Amino acid sequence: MRMAFFIMFPLLLFIGLGYVLWHIWHILPLLKWAKWLVVILLAACPLSMFFMFGGAFERWPLSVASVAYHVNTSSVIILLYLLITFLVLDICRLLHIIPKSLLFNSWAGTLGVTLLMVVIFVAGNIKYHNKVRVPLELTTKKNLPHDYRIVMVSDLHLGYHNRRGELAKWVDLINAEKPDMVLIGGDVIDSSIRPLAEEKMAEEFHRIKAPIYACLGNHEYYSSEPRARQFYKQAGIHLLVDSTVVIDSALCIIGCDDRTNPNRKELASLTATVDPSLYSIVLVHQPHELEKTEQSKADFQFSGHTHRGQVWPISWITDAIYECSWGEYQRGDTRFYVSSGLGLWGGKFRIGTQSEYVVATVKKN
């Protein structure tokens, strides 16, 4: 899957970039030298992403790397919306809905497209920072000593873009709920452990006033799985990798390794030893093979990974790929929640999706 991404992403990027830059060249009512300047700058922003993939950011000062990360990842999303905009305009031009002159040496066309991008991405950034609290009630006939309040989050993607200051705000949100425990569904780390180490982000997790349990995500493997495990340890997070933990002789949390590891254990082998009288929660990053969780007779599964595409229309793709790409779901007697994530990868925009944290109450029927 990752190999396919690294093959297809550059191809699609170059095709889309070529189409958008051709339109920008023709729509700008500027002298040639000014057009060249704009086109070169716009091309450099998304193409600089290859410096990130090549590890160049690791050698740059943290502040510089952070700005570069924001610019190149945000520009890829902006490029997507410019592509959609120019495709729509081309269709409208061919259908004679708009005049051809609007797309060639046009101040009206230039200002219209610019204003549209500003509105979309300012609104998308505001929506990203507006974290949505999702209440979830989980009932069971199994014996519980009391009701449990559990805060569930996924896909923090801490790194060059989600820095310690932002993490501190998320910790405050979690503490405000006064949870009995916190579950993290993977991808705490984005692409590099370096920003987390330099900003001592592990210290922020120690402010959470409840035990924290987590599973690994695919990005923990991308950023160096051994170093990721060390960070979890420093942060005081109980990492469950193909392992279980029993709480109050009432709840069992089953933490699955990420499917990035081909040698991970099957869920059936993990649940086989779980006392069926316990309320069981499966914590697994990627929401694949939901039927296996149902067959294991687990009570509930929490996952993340999808971001629900992060921005429309990518959300349509994730909805098509996954049986459940976001929200509540039920299969037989097993309930599921797939989170769109508290943080995200890349540019800080939520368009047609939301950044969220789940506040679940587990109680006896």
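Rings of Phe, Tyr and Trp count as a pair if their centres lie within 6.5 Å. The legends below describe close-up views of a predicted model.

**View 1. An aromatic cluster of four residues.** Phe57, Trp60, Tyr69 and Tyr160 form one aromatic cluster. A search of the whole structure finds 10 aromatic pairs. One of them joins phenylalanine 57 and tryptophan 60. Phenylalanine 57 counts as buried, because its relative accessibility is 2% and the limit for buried is under 20%. Tryptophan 60 has a relative accessible area of 27%, so this residue is partly exposed.

View 2. Tyrosine 69 belongs to helix α4 (residues 62-94). Tyrosine 160 sits in the loop between β2 (148-153) and α6 (164-176). The pair therefore ties together parts that are 91 residues apart in sequence. Both tyrosine 69 and tyrosine 160 are buried.

**View 3. Lysines over aromatic faces.** Two sites are shown here. Lysine 100 lies over the face of phenylalanine 104, at 5.6 Å from the ring centre. Lysine 131 lies over the face of tyrosine 128, at 3.6 Å from the ring centre.

**View 4. The second largest pocket.** This pocket has a volume of about 430 Å³. Its lining is made of 23 residues. Nearest the centre lie Ile24, Leu42, Ile78, Leu82 and Met117. Four helices each supply at least two lining residues: α1 (2-27), α2 (32-47), α4 and α5 (107-129). Helix α4 gives the largest share, 7 residues. By type, the lining holds 19 nonpolar residues, 4 polar ones and no charged ones.

View 5. Strand β10 (residues 327-331) pairs with strand β11 (residues 334-338). The pairing is antiparallel and runs over 5 bridges. Glycine 327 stands opposite valine 338 in β11. With 2 residues between them, β10 and β11 form a hairpin. Glycine 332 lies in the turn and has a positive phi of about 60°.

Note on methods
Residues are numbered from 1 along each chain as its sequence is written. This is a predicted model: local features need pLDDT of at least 70, side-chain atom pairs count only at pLDDT 80 or more; totals for chains, interfaces and linings use all residues. Side-chain values use heavy atoms; hydrogens and water are left out. Two strands pair if DSSP finds at least two bridges between them. Rings of Phe, Tyr and Trp (its six-membered ring) pair if their centres lie within 6.5 Å; planes under 30 degrees apart count as stacked, over 60 as edge-to-face and the rest as tilted. Buried means under 20% relative accessible area, exposed over 50%, partly exposed in between (1.4 Å probe, protein chains only). A charge sits over a ring if NZ of Lys or CZ of Arg is within 6 Å of the ring centre and within 35 degrees of the ring normal. On a 1 Å grid over the protein atoms alone, a cavity is a set of points where a 1.4 Å probe fits but cannot get out, and a pocket is an open set with protein on both sides within 12 Å along at least five of seven lines; lining residues have an atom within 4 Å of a point. Grid points are joined across faces, edges and corners, and a volume is the space filled by probe spheres set on the points. Ala, Val, Leu, Ile, Met, Phe, Trp, Tyr, Cys and Pro count as nonpolar, Asp, Glu, Lys and Arg as charged, and the others, Gly among them, as polar.
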